[in-house]
Amino acid sequence: MRIQKISAFQVDLPLHEGSYNWSGGKSVEVFDSTIVRIETDEGVTGHGEVCPLGPFYLPAYAGGVRAGIAELGPQLIGEDPLDLERLNRRMDAALKGHPYVKSGLDMACWDILGQVAGLPVCTLLGGRYGESFPLYRAISQEAPAAMAAKVAGYRAEGYRKFQLKVGADPETDIERIHAVAAELERGDVLIADANTGWLMHQAARVVRGVRDIDVYIEQPCLSYEECLTIRRRTDHPFVLDENIDGIPILLRAHADGAMDAVNIKISKFGGLTRARQARDLCASLGIAMTIEDSWGGDITTAAIAHLAHSTPPELLFTATDFNSYVTVSTADGAPQRKDGKLAASTAPGLGVTALPGVLGEPRLEIS
Ligand code: MG
């Protein structure tokens with residue numbers, strides 16, 4: 001089987017809540033998502049999706065996805081989409097770095113592999129555990145009382161894990177964590193994600209200011225070294241995210257005892273192939289995982305579901321259903337949240353059918 005054509009579509013994904021706000025005043029109102037289509041000489045077609053969290057979160061931006069595919073795509077025409085590890089090495093040889101550019105291409109090839117095998121991607125990634133897996137709800141940064149007021153509604157939707165967007169001034173962040181913690185019920189889980197927003201002295205104040213709260217601290221500072229310093233002066237369970245983008249830093253962080261859990265975003269690692277490699281390593285090392293992506297719609301959510309549902313449940317800390325945050329559906333068959341949980345499709349491949357009317361005309365066609 002050969003890759004015959006690669007197309008990229010641009011879709012705007014507005015938010016039900018109007019905007020999504022996190023550390024440093026960063027905010028997005030409409031996400032710019034790229035949907036990748038790969039067509040083969042045997043008539044099988046696969047889809048992938050890449051949607052950066054704006055241009056100021058990871059070293060990734062929406063236009064860069066399309067520019068990168070324009071650069072890399074011609075190198076993949078004629079390659080076998082089923083040889084995923086070989087294809088990833090080909091992409092790495094043709095374009096150094098830029099993992100997010102490769103993510104949608106890799107995802108689309110997994111969709112093709114699953115269709116050819118007649119199996120859901122979940123099975124190919126290791127096998128389905130149980131009926132479903134639990135999701136978290138991100139609580140966009142607002143005033144402490146406004147964030148606390150969101151908890152009951154999200155719990156009514158079935159969520160029991162709440163990730164607060166903090167990373168602002170320490171006094172207000174301490175208030176945010178206390179205000180939301182007061183709304184929790186037994187069995188709820190609270191995560192305070194600073195998204196690199198604190199300097200070390202600020203992070204030190206916050207972890208001390210919430211010492212008696214049962215809360216996970218996620219990615220407090222910009223650099224790995226700053227996070228490690230804070231990790232060593234707090235006894236809160238600790239999650240690393242932005243700094244962990246590959247196997248070498250994952251191994252270093254494990255050796256340093258730098259985290260209890262890690263956030264694996266598919267596009268941060270460069271696709272399902274690389275994210276699975278990190279997932280399996282974490283599972284072997286006993287590191288719990290949040291499995292998600294930077295953002296996305298139906299296709300990203302489907303890919304998350306396949307990777308999360310094939311992760312041993314005791315190691316899956318939580319995952320995200322981005323398609324419930326956005327107002328536009330881009331594919332039929334995508335998993336839908338039920339009672340705060342999600343399940344991967346049992347159909348072959350990713351189990352999604354992209355909606356041509358939503359995708360519109362391609363921004364890019366390579367053949
Ligand atoms: Mg995070």
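**Entry 1: the layout**

I began by noting that this is a predicted model. I then looked up how the chain is divided, and found domain 1 (3-118 + 354-366) and domain 2 (124-350). I checked the spacing too: the C-alpha centres of the two domains lie 22 Å apart.

**Entry 2: where the domains meet**

I asked how many residues each domain brings to the contact. Domain 1 gives 46 residues and domain 2 gives 48 residues. Together the two domains bury about 3700 Å², and 61% of that is on carbon and sulfur atoms.

I found 25 residue pairs in polar contact. I then went through the elements on the domain 1 side, and those that supply at least two residues include strand S1 (3-14), strand S4 (30-40), helix H2 (84-94) and helix H3 (99-117). H3 gives the most, with 12 residues. By type, the residues on this side divide into 25 nonpolar, 12 polar and 9 charged.

**Entry 3: salt bridges**

I kept one general point in mind: side chains of opposite charge can pair when their charged atoms come close. How many salt bridges does the whole structure hold? My search found 26. Across the interface of domain 1 and domain 2 there are 4 salt bridges.

I looked at two pairs by name. Glu85 and Arg274 meet through their side chains at 2.8 Å, N to O. Arg66 and Asp32 also form a salt bridge, at 2.7 Å, N to O.

**Entry 4: the magnesium ion**

Which residues coordinate the magnesium ion? I found Asp193 (OD), Glu218 (OE) and Asp241 (OD), at 2.1 to 2.3 Å. I wrote down the sequence spacing of these donors as D-x24-E-x22-D. Glu218 lies in strand S10 (residues 216-218), while Asp241 sits in the loop between strand S11 (238-240) and helix H9 (247-256), so this pair ties together parts that are 23 residues apart in sequence.

How values were computed: Residues numbered from 1 in each chain as written. Predicted model: local features only at pLDDT ≥ 70, side-chain atom pairs only at ≥ 80, totals over all residues. Heavy atoms only, no water. Domains from an automatic or database assignment. Contact = heavy atoms within 4.5 Å. Buried area = accessible area lost by both parts, 1.4 Å probe. Polar contact = N/O pair within 3.5 Å; in protein donor to acceptor, adjacent residues only side chain to side chain. Helix = DSSP H or I, 4+ residues; strand = E, 2+ residues; numbered from the N terminus. Nonpolar A, V, L, I, M, F, W, Y, C, P; charged D, E, K, R; others polar. Donors = N, O, S within 2.8 Å, 3.2 Å for Na, K, Ca; no water.
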